[in-house]
Amino acid sequence: MNILSIDTSSNNCTAAVVRDYETLGEISINFNLQHSVLLMPLVEELLEKLNMAPADLSAITVSVGPGSFTGLRIGLAAAKGMALALDIPIYASDSLAVLAYGAFGYQGLIIPMVDALRNGYYTGIYTFIQGKLVTLMEPAILTLDEVMDKVSNESREIMIMGDILSKISAEELQSRNNIILAPQNLNIPKASTLPYLLRERIENEEKEDIYSLVPLYMRKSQAEYEYEKKQGRLL
């Protein structure tokens, strides 16, 4: 099975091909949010380098967010378009789980935190149990203080990851002795992670309904926020 994987939920525009759970190739460009220009050329280059054609693909995996609104729309539209054109299944995951799965095998709690603007962060709480990623808190938008309140009684080690590490100082993030910060290579989602995260669903053929599959936005866009603010009806 040849799986094309796409993640455009962050600044990182990334595409990968995984065959029978072996990564054949991956291209990532983590610069300047150029997904509309970069994504399809990256996919075409990747397939060309691997001597593959679109017809050789068996399935597509994609991240649906939360994250960059524009990036999510571009990535999901490309994934759905290819899945329809090639008549192959599509499998999806939220981007926070993709980040968390990058820390495979870590025995503590994993808390991805991705900037959602206005002092909030897209976040969830995860852990690994017998090699499987388990969601302890579903994706939500919380402040750092609210996240710390959620784990105030937690004695296990906690790993914080995501772009929050570039926005808040290490001293503030590590306010407790049981908190560690993820290394930089774990702080951006990678397309190659998706097929491994979704392996059980892929093998059980638990595909998405391509017509109802939509981005996981979780909040209004900045444009909507500014418009409602001007109209005096922002809640």
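The radius of gyration of the protein chain is 18 Å, which agrees with the value near 18 Å that a compact globule of 235 residues would have; the radius is taken over C-alpha atoms, and the globule rule is 2.2 Å times the number of residues to the power 0.38. This is a predicted model, in which local features need pLDDT of at least 70, side-chain atom pairs count only at pLDDT 80 or more, and totals for chains, interfaces and linings use all residues. Residues are numbered from 1 along each chain as its sequence is written, and side-chain values use heavy atoms, with hydrogens and water left out.

**Overall fold and surface**

- The protein chain has 8 helices and 10 strands; these are DSSP runs numbered from the N terminus, with helices (H or I) of at least four residues and strands (E) of at least two.
- Along the principal axes, the C-alpha atoms fill a box of roughly 50 × 50 × 30 Å.
- Of the 235 residues in the protein chain, 50% are buried (buried means under 20% relative accessible area, exposed over 50%, and partly exposed in between, with a 1.4 Å probe and protein chains only).
- Among contacts with a separation of 6 or more, 63% are between residues 24 or more positions apart; a contact means heavy atoms within 4.5 Å.

**Charge and salt bridges**

- The protein chain carries 19 positive and 29 negative side chains, and the centres of the two sets lie 6 Å apart.
- In that count Lys and Arg are positive and Asp and Glu negative, while His and the chain ends are not counted; each charge is placed at NZ of Lys, CZ of Arg, CG of Asp or CD of Glu.
- Side chains of opposite charge can pair when their charged atoms come close.
- The whole structure holds 5 salt bridges, a salt bridge being a side-chain nitrogen of Lys or Arg within 4 Å of a carboxyl oxygen of Asp or Glu.
- One of them joins Asp115 and Lys167, with the closest N and O atoms 3.7 Å apart. Asp115 lies in strand S6 (residues 109–115) and Lys167 in the loop between strand S9 (158–161) and helix H5 (170–173), so this pair ties together parts that are 52 residues apart in sequence. Asp115 is partly exposed at 25% relative accessibility, and Lys167 is partly exposed at 46%.
- Arg156 pairs with Glu154, the closest N and O atoms being 2.7 Å apart. Arg156 is partly exposed at 37% relative accessibility, whereas Glu154 is buried at 19%.
- Glu208 and Arg201 meet in a salt bridge at 2.3 Å, N to O. Glu208 is partly exposed at 23% relative accessibility, and Arg201 is partly exposed at 26%.

**Backbone geometry**

- Most residues other than glycine have a negative phi, and most peptide bonds are trans.
- The peptide bond between Gly65 and Pro66 is cis, with omega about 10 degrees. Pro66 sits in the loop between strand S4 (59–63) and helix H2 (69–86).
- Arg118 has a positive phi, near 55 degrees, and belongs to the loop between S6 and strand S7 (121–129). Its relative accessibility of 38% makes Arg118 partly exposed.
- Asn119 also has a positive phi, near 70 degrees, and is found in the loop between S6 and S7. Asn119 is exposed, with a relative accessible area of 68%.
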